[in-house]
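Thanks for sending this one over.

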Amino acid sequence: MTYFDWRPRFAEAMDARLFNIGHLDDLILSGKAKFWTNGDAAIVAEVKTFPTGAKAVSGLIAAGRLEEIEALIPLAEKWGKAHGCK
């Protein structure tokens with residue numbers, strides 16, 4: 001499954017006060033955010049850079065079964081470490 005397969009579920013889960021699905025699409029398509037799925041859940045995260053230069057993985061949105069969402073977090077953490085996150 002791809003990001004676009006999960007897109008309707010992300011749109012349903014997101015808080016429109018923070019951002020909209022078009023913004024999430026832009027982050028994915030530009031490579032500024034990364035998508036992971038295991039079939040029963042999906043997450044999107046980005047690397048945030050702070051004024052000090054420190055970097056951290058920031059989860060943007062998730063959908064699916066909670067246990068399966070939790071199983072994806074180590075993948076995002078590994079990706080973040082590969083991109084300089086502490």
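**Notes on the model**

1. Let's begin with helix 2, residues 21–30, where Ile21, Leu24, Asp25, Leu27 and Ile28 are buried. Helices (H or I, at least four residues) and strands (E, at least two) are DSSP runs numbered from the N terminus.

2. Before going further, please keep in mind that this is a predicted model: local features need pLDDT of at least 70, side-chain atom pairs count only at pLDDT 80 or more, and totals for chains, interfaces and linings use all residues. Residues are numbered from 1 along each chain as its sequence is written, and side-chain values use heavy atoms, with hydrogens and water left out.

3. What covers the buried residues of helix 2? The cover includes helix 1 (3–13), strand 1 (33–37), strand 2 (41–49) and strand 3 (55–64), where contact means heavy atoms within 4.5 Å.

4. Both ends of helix 2 are worth a look. At its start, a side-chain oxygen of Asn20 comes to within 3.0 Å of the backbone nitrogen of Gly22. After helix 2 comes Gly31, with a positive phi near 85°.

5. Now for the rings: a search of the whole structure turns up six aromatic pairs. The ring centres of Tyr3 and Phe4 are 4.9 Å apart with the planes at 80°, so this pair is edge-to-face. For reference, rings of Phe, Tyr and Trp (its six-membered ring) pair if their centres lie within 6.5 Å; planes under 30 degrees apart count as stacked, over 60 as edge-to-face and the rest as tilted. Tyr3 counts as buried at 4% relative accessibility, whereas Phe4 is partly exposed at 45%.

6. Tyr3 also forms an edge-to-face pair with Phe35, at 6.1 Å centre to centre and 85° between the planes. Because Tyr3 lies in helix 1 and Phe35 in strand 1, this pair ties together parts that are 32 residues apart in sequence. Phe35 is buried, as is Tyr3. Ring pairs join Tyr3, Phe4, Trp6, Phe10 and Phe35 into a cluster.

7. Strand 1 and strand 2 pair in the antiparallel sense over five bridges; two strands count as paired if DSSP finds at least two bridges between them. The bridge partner of Lys34 in strand 2 is Ala45. Three residues separate strand 1 and strand 2 in this hairpin, and Gly39 in the turn has a positive phi of about 100°.

8. How many salt bridges does a search of the whole structure find? It finds six, a salt bridge being a side-chain nitrogen of Lys or Arg within 4 Å of a carboxyl oxygen of Asp or Glu. Among them, Asp15 and Arg17 have their closest N and O atoms 2.5 Å apart; Asp15 is partly exposed at 27%, while Arg17 is exposed at 74%.

9. Lys48 and Glu46 meet in another salt bridge, at 3.5 Å from N to O. Glu46 counts as buried at 13% relative accessibility, and Lys48 is partly exposed at 38%. Finally, a network of salt bridges links Asp40, Arg65, Glu67 and Glu68.

Note on methods: Buried < 20%, exposed > 50% of the residue type's maximum accessible area, 1.4 Å probe, protein only. Polar contact = N/O pair within 3.5 Å; in protein donor to acceptor, adjacent residues only side chain to side chain.
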